[in-house]
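Student: I would like to go through this structure with you, one topic at a time. Shall we begin with the contact between the chains?

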Amino acid sequence: MDTIVLLAIYFARRGDMYIRPIPGLEAVNDAIGRATEMGRPILYISGLSGISDIATIAAMLILGHLAKRTAAYETPIIVPCNDPLVMTAEREIVHQAYIEAGKPDAYEPQNIFYITDSQFGYTSAVDGIMVREKPAANFFMGYFFAEALILAETGNMTGAIQIAGTDADTQLPFFITACDYTLMGEELYAAGAYLSRNPLLVAQLKGQDIGKIVLVAGLLAGVALATLANYIAPDIFDRFQSWFQIHN
Amino acid sequence: MRLQIPIAIGFLAGFFMLVQFFVPHQFFQQSYLELFDWVKIIGAFALVLGLGSLFRTHIDKIRNRRPDHIYSFVTLISFAVMFVFGIVYGVKPHTSFDWLFKNVQTPLEATVFSLLAFFMASAAYRTFRARSVEATLLLTVAVIVMLGRVPISDYVSFVDFHEASEWIMSVPGMAAKRGILLGVALGVVATALRILLGIERSHLGGGGGGSS
């Protein structure tokens, strides 16, 4: 799978690549525009799973691209964190985004702050921020647990436009229910590349798609072969199947 | 240079983690544990930064008399009380700190968690209004699954809700879940490669990943 992704990156240098539109990411500009027009901030939550989780890293990559756009309009972005390491990294990311947007003076480090690592303590604090500050747009990106629906429903009640993205399959239904747009599973990982429009990163998305086609083809071939072998030569089927079994 | 060094460190650390996962040699396992200790030490320093941020945020709110700054007083006083009890009496079971944790913190967290039931009801009401084909389908499936999970469905003779519910969960539900998980796995691999190879640099504050 790594080879497919690397090959796609290699071929990307040859020209433009088409990527299918993702409505949740197309709506990012609308959300920023709405916040700017209303003179209200944007709230960004990067999950509760800590910096060692790849979903949090994906969320931080999205934050970088988002902050560059909010910096251009000088729209405040509030980032409450439940992990001090994530807070430190996100401060650097947002600061750099403001520098790149040519608005270093608009950067406010106090808008990216640590609350607590307690799950529901954090949830109630963020709910309080939503109710008091009334952000025009809420972004929930990363890995979430039981707090997903509490956060999304509170945001829904405040009337904010909400864009969520998570690879937590158990929380996806809640986000789909309570948010305007939801990035499902792999779309969270594609978001950074999608927002950047960098050819190399877009090529990686292509690599993912090709990888999926290969996986599906492999699954279909496996099902067909297993079905046939079961009728024609069960011994060969058993031997073939044993290649994929884990023996303790 | 400001970007190259972090990218090189990221690549070496990531590559090492990849190798140690597949090589059970003692050197790799020991080094892995050593690196984990480093992570804990960095985490401890970061906690100081986190607390600094917490104090600054709330002190600023109080100083500027921002709306609802009374809650900042509550936060700072609660922190001070827990800190003093923790330092003076320790944090072991049957201490004042432990009593406060069990009788204040835990019930408060349970209260917020229990709000989930009400949020679930309001979200379900909004979603299950059968205004489109998808919403109707969702409503139908949800009703079958819910009825399959409660004893009252035993009294319904014309449909086996238990079996229908199990079929929905283990066939179409599981298929969709596995599809999502396959996509996530591919996304994780691709993102890890992007970071290891230094193609994605925005997490380093380098504006990698191109312009927006």
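Student: How many salt bridges does the rule find across the interface of chain A and chain B?

Tutor: Please keep in mind that this is a predicted model. Across the interface of chain A and chain B, 3 salt bridges are found. One salt bridge in the model joins A:Asp169 to B:Lys177, with 3.6 Å between the closest N and O atoms.

Student: And how many residue pairs are in polar contact across that interface?

Tutor: There are 6 such residue pairs between chain A and chain B, both residues being at pLDDT 80 or more. On the side of chain A that touches chain B, helix H4 (residues 84-100) provides the largest share, 9 residues. By class, that side of chain A has 30 nonpolar, 16 polar and 13 charged residues.

Student: What is the area buried between chain A and chain B?

Tutor: The buried area is about 4800 Å², and carbon and sulfur atoms give 68% of that area. In terms of contacts, 59 residues of chain A meet 56 residues of chain B.

Student: Let us take one residue, then. What does A:Thr154 touch?

Tutor: Leaving aside residues up to four places away in sequence, A:Thr154 touches A:Asp127, A:Met130, A:Val131 and B:Phe119. A:Thr154 belongs to helix H6 (residues 147-157) of chain A. With a relative accessible area of 6%, A:Thr154 is buried.

Student: Now chain A as a whole. How many helices and strands are there?

Tutor: Chain A has 10 helices and 6 strands. The C-alpha trace of chain A spans about 70 × 45 × 30 Å along its principal axes. Of the 248 residues in chain A, 54% are buried. Among contacts in chain A between residues at least 6 apart in sequence, 69% join residues at least 24 apart.

Student: Is A:Cys81 buried or exposed?

Tutor: A:Cys81 counts as buried, at 2% relative accessibility. A:Cys179 is buried as well, with a relative accessible area of 9%.

Student: Back to charges. How many salt bridges are there over all chains?

Tutor: The total over all chains is 13 salt bridges. One of them pairs A:Glu74 with A:Lys103, the closest N and O atoms being 3.6 Å apart. This pair links distant parts of the chain, 29 residues apart: A:Glu74 sits in the loop between helix H3 (54-73) and strand E2 (77-81), while A:Lys103 sits in the loop between H4 and strand E3 (112-114) of chain A. A:Lys103 is partly exposed, with a relative accessible area of 25%.

Student: How far apart in the chain are B:Asp60 and B:Arg63?

Tutor: These two residues are 3 residues apart, about one turn of the helix, and both lie in helix H2 of chain B. B:Asp60 counts as partly exposed at 25% relative accessibility, whereas B:Arg63 counts as exposed at 61%.

Student: Which residue forms a salt bridge with B:Glu166?

Tutor: The partner of B:Glu166 is B:Arg149, and their closest N and O atoms are 3.3 Å apart. B:Glu166 lies in helix H6 of chain B and B:Arg149 in the loop between helix H5 (133-148) and H6, so the pair ties together parts that are 17 residues apart in sequence. Both count as partly exposed, B:Glu166 at 44% relative accessibility and B:Arg149 at 46%. In chain A, salt bridges that share partners join A:Glu186, A:Asp209 and A:Lys212 into one network.

Student: One last topic, the backbone. What is the phi of A:Lys134?

Tutor: A:Lys134 has a positive phi of about 50° although it is not a glycine. A:Lys134 lies in the loop between helix H5 (119-133) and strand E4 (137-141) of chain A. In chain B, B:Arg65 also has a positive phi of about 50° and is not a glycine. B:Arg65 is placed in the loop between helix H2 (26-63) and helix H3 (70-89) of chain B. As for accessibility, A:Lys134 counts as partly exposed at 34%, while B:Arg65 counts as exposed at 57%.

How values were computed: Residues numbered from 1 in each chain as written. Chains lettered and ligands numbered in written order. Predicted model: local features only at pLDDT ≥ 70, side-chain atom pairs only at ≥ 80, totals over all residues. Heavy atoms only, no water. Buried < 20%, exposed > 50% of the residue type's maximum accessible area, 1.4 Å probe, protein only. Helix = DSSP H or I, 4+ residues; strand = E, 2+ residues; numbered from the N terminus. Contact = heavy atoms within 4.5 Å. Buried area = accessible area lost by both parts, 1.4 Å probe. Salt bridge = Lys/Arg side-chain N within 4 Å of Asp/Glu carboxyl O. Polar contact = N/O pair within 3.5 Å; in protein donor to acceptor, adjacent residues only side chain to side chain. Nonpolar A, V, L, I, M, F, W, Y, C, P; charged D, E, K, R; others polar.
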